[in-house]
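Please look through the model shown below, first as a whole and then at a handful of its residues.

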Amino acid sequence: MGKWTRRGVLSAGVLGGTGLVIGIAVRPGNPTETAGHLVAGEGESLLHIYLKIDDQNRATAILPHSEMGQGAQTALTQMLAEELDADWDMMGFEEAPADAEYANMALGRGYLFKGVDFPDAVVPTVDGLMLNLADAIGMQVTGGSMSIRTTGQYFLRAAGASVREMLVKTAAKAWGVPAGEVRTEKSTLHHDASGRSAPYSEFAAAAAEMTPSSTPKLKKTSEFSVMGQSKPRHDIPSKVDGTAMFAMDVKRPGMVYAAVKRTPVAGGSLRRVDDSAARAMKGVIDVVKIGPSSAAGLVGSYSAGDAIAVVADSYWKAEKALATLDLDWNTDGKEQVSSASIFEQFDRDITAGVDRANDVALGDANDAFNGAATVLTADYRVPYLAHSCMEPPNATAEVTANHAEIWIGCQNPLGFRQHLAASLGLDVEQVTLHNYFMGGGFGRKSNADYALQAAMIARQVGRPVQLVYSRAEDIKQDFYRPAVQSRFKAGLDAEGKLIAWQNTYVDKHEPVEAPLIPYAVAAQDIGHVASPTHVPFGAWRSVDHSQHGFFTESFVDEAAHAAGQDPYAFRAEMLKDKPRLLAVLNRVAKEAGWGLPMEEGRGRGISLQESFGSIVGQVVEVTVSGGKTWVDRVVAVIDAGYAVSPDGMKAQIESGIVYGLSAAMYGEITIENGAVAQSSFADYDAIRMHDSPVIETHIINSGAEIGGAGEPGTPGVAPALANAIFNATGARVRTLPIIKADLRSDAEASPSVAAFGT
């Protein structure tokens, strides 16, 4: 951790200068008094906003993050239990309510003030400011691989440690002994000299009267006994026996069902509808028109066009009736837009350098290219991608004149609640949101469009309504990872050293560092141009890292081959001054057996990616035969600083690899006549269990600041796969998905690529 620096002062100044926090009263970062009624039940004492203990000595972590299969809630509970000295068998967790008191105050400590070591006296004020800021922008988000490395590291560990201190002080006072003589172990207080001991629950109510410290003493890594262990996940048993609650499991008295269809061309509108056939069907209750909606803030934005829903006494009847609607949609002049025309636009705008802005300008790139012995150029492309969560968007809503209640699985409960209140003309306090497990999120469920649709329908029909997206509607009405074209130029000197790197791409989002390279290249010119399309954008797993990882690590591989060097050795040479990155690269090469001979038709490719605070190296092995590709093995090494739950981290890396492989092999959303062409897994495929490769994951606990695990496994698998295919066949894949590449042994190189000497 750094010290209180000029950067920190400037950051504070920026915050104040935005007006976001001016005029907002600073409140404590631990508002137990105002949160108590939300989470503490009978026999429970709320000792910290993130922790309560009941009269049976059971401790419950109250977690401000959603569970969508990533296992973060178990790992976060481990972080709290470690510092609490809790008996793991007596620990549980529950998700925090959608409330301002549980807004992401970790935002500031994890991002805006990352690396700043605040004086203890300032920490409560900073936490209070960040809580106010997060509340103001409706941020109770799960995403960005943020849970462990921000909330867990900055707040849940402190919550456990401060409550342990409070319990010790309370017991010492009651026993009349020095606090330093009281020790804790497995949710029990001990005074060895007198032989006294008591469970935490005996002093919980008295300790709850104290104010928790924001800066308690935390354990050293060598003292951990819960963190660093692969504890069984708390959410899995209920998912196995079927008792886990998802939003679609909700049933309300008098509830009816809705199926929905939105304008097929984004930005369009509904001109005319004939619903006579639907209304004549048995079981149909109403046909509801829903106007456009939008939201924008620091956590993203969305815009959704007109939609129409059929409400019936069963979901099947609603879907059947929806298909009978005679609809006339306005396409807003987008009927000529296709994937081909979009990429033609990208190509024109890159060539013209439309509003080009620099991400990096290092050295004199033009001079370096003029002096290069070899110059290599290439264009890469990736298509739009949908999220295709196994559980499609759904929500149940009840709305009256002065109250709205919604049951949903979402990634930003507070933001959804605020958006619903504003859209329905209610105060936030008049909206209640119940959040449930999600069957996948990947960024899709951070947009509140489906929640608002459910609420609008419920208000229209005056009854509880459960809205469920069909798979077709899910795929056709997503907020997509953008299609991107990226143009590269690399210069090599006579010894094969990479001396110049130029890259221009379209459509920049987050994180801003995604297109950067870690390698020591003296001259770099990286920038982007503006080339907007009407296809709606949405955050997708690992966001911009997912496309730029494919682009940059593939083109580095091209440069290595143009230099006549081994791709691993080529990278290692450029990382001599970055030991942490080099250690991951070396480890993955070793674990994968890099350099060992392979059979005819098989290949091995490597990649290295730094994202969301973690470094991941990957080696992919493939077999290519008859133009078809089989992914045989993926070896991954991650350095996330410290693995709180090693098994959970491995599961996250495996998940990220499978998700990334699906996209690389099959993922493609195409635009025809302005609309999305795909509608199911039949035409938007994913790898199946029998296609999944052997995945080996190795963890490096380097001691660096804790990084993420949910997203860093995805970006590197596509380039390692493409590099392996090149190793096996000599064919370079520059456009995804791979299923469309011509990998026959006699395939010719893409004419869009040229290599020439100067």
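Predicted model: local features only at pLDDT ≥ 70, side-chain atom pairs only at ≥ 80, totals over all residues.

**From the whole chain to single residues**

Along its principal axes, the C-alpha trace of the protein chain spans about 85 × 70 × 50 Å. The secondary structure of the protein chain comprises 20 helices and 30 strands.

Of the 758 residues of the protein chain, 57% count as buried. The accessible surface of the protein chain comes to about 30000 Å², and 51% of this area belongs to carbon and sulfur atoms.

Most residues other than glycine have a negative phi, and most peptide bonds are trans. Against that background, a cis peptide bond joins Glu510 and Pro511, with omega at about -10 degrees, and Pro511 is found in the loop between strand 22 (498-506) and strand 23 (523-529). Another cis peptide bond joins Leu736 and Pro737, where omega is about 10 degrees; Pro737 lies in the loop that runs between helix 20 (717-729) and strand 30 (754-757).

Asp85 has a phi near 60 degrees, and its place is in the loop between helix 3 (72-84) and strand 4 (91-95). Lys186 has a phi near 45 degrees and lies in the loop between strand 5 (182-185) and strand 6 (188-191). Are these residues buried or exposed? Asp85 counts as buried because its relative accessible area is 18%, which falls under the 20% limit, whereas Lys186 counts as exposed because its relative accessible area is 56%, a value over the 50% limit.

The charged side chains come next. Side chains of opposite charge can pair when their charged atoms come close. A search of the whole structure finds 43 salt bridges, and a few of them are described here. Glu185 forms a salt bridge with Arg183, the closest N and O atoms being 3.0 Å apart. Glu185 is partly exposed, with a relative accessible area of 42%, and Arg183 also counts as partly exposed, at 34% relative accessibility.

A salt bridge also joins Arg487 to Asp347, with the closest N and O atoms 2.8 Å apart. This pair links distant parts of the chain, since Arg487 is in strand 21 (residues 484-492) and Asp347 in helix 11 (residues 339-352), 140 residues apart. Arg487 counts as partly exposed at 25% relative accessibility, and Asp347 is likewise partly exposed, with a relative accessible area of 27%.

The side chains of Arg580 and Asp639 meet in a further salt bridge, at 2.7 Å from N to O. Because Arg580 lies in helix 18 (residues 579-592) and Asp639 in strand 26 (residues 628-639), the pair ties together parts that are 59 residues apart in sequence. Arg580 counts as partly exposed, at 26% relative accessibility, while Asp639 counts as buried, at 2%. Elsewhere, salt bridges extend into a network that links Glu599, Arg602, Arg604, Glu621, Asp632, Arg633 and Glu696.

The last stop is Cys389, which lies in the loop between strand 16 (374-382) and strand 17 (394-399). Cys389 counts as buried because its relative accessible area is 2%, which is under the 20% limit. What does Cys389 touch, not counting residues up to four places away in sequence? The residues it touches are Gly439, Gly440, Gly441, Phe442, Arg444, Lys445, Arg471 and Asp474. Cys389 and Met438, for their part, are 49 residues apart in sequence and 9.0 Å apart in space, from C-alpha to C-alpha.

Terms used. Residues numbered from 1 in each chain as written. Heavy atoms only, no water. Helix = DSSP H or I, 4+ residues; strand = E, 2+ residues; numbered from the N terminus. Buried < 20%, exposed > 50% of the residue type's maximum accessible area, 1.4 Å probe, protein only. Areas by Shrake-Rupley, 256 points an atom, 1.4 Å probe, with all protein chains shown as cover. Salt bridge = Lys/Arg side-chain N within 4 Å of Asp/Glu carboxyl O. Contact = heavy atoms within 4.5 Å.
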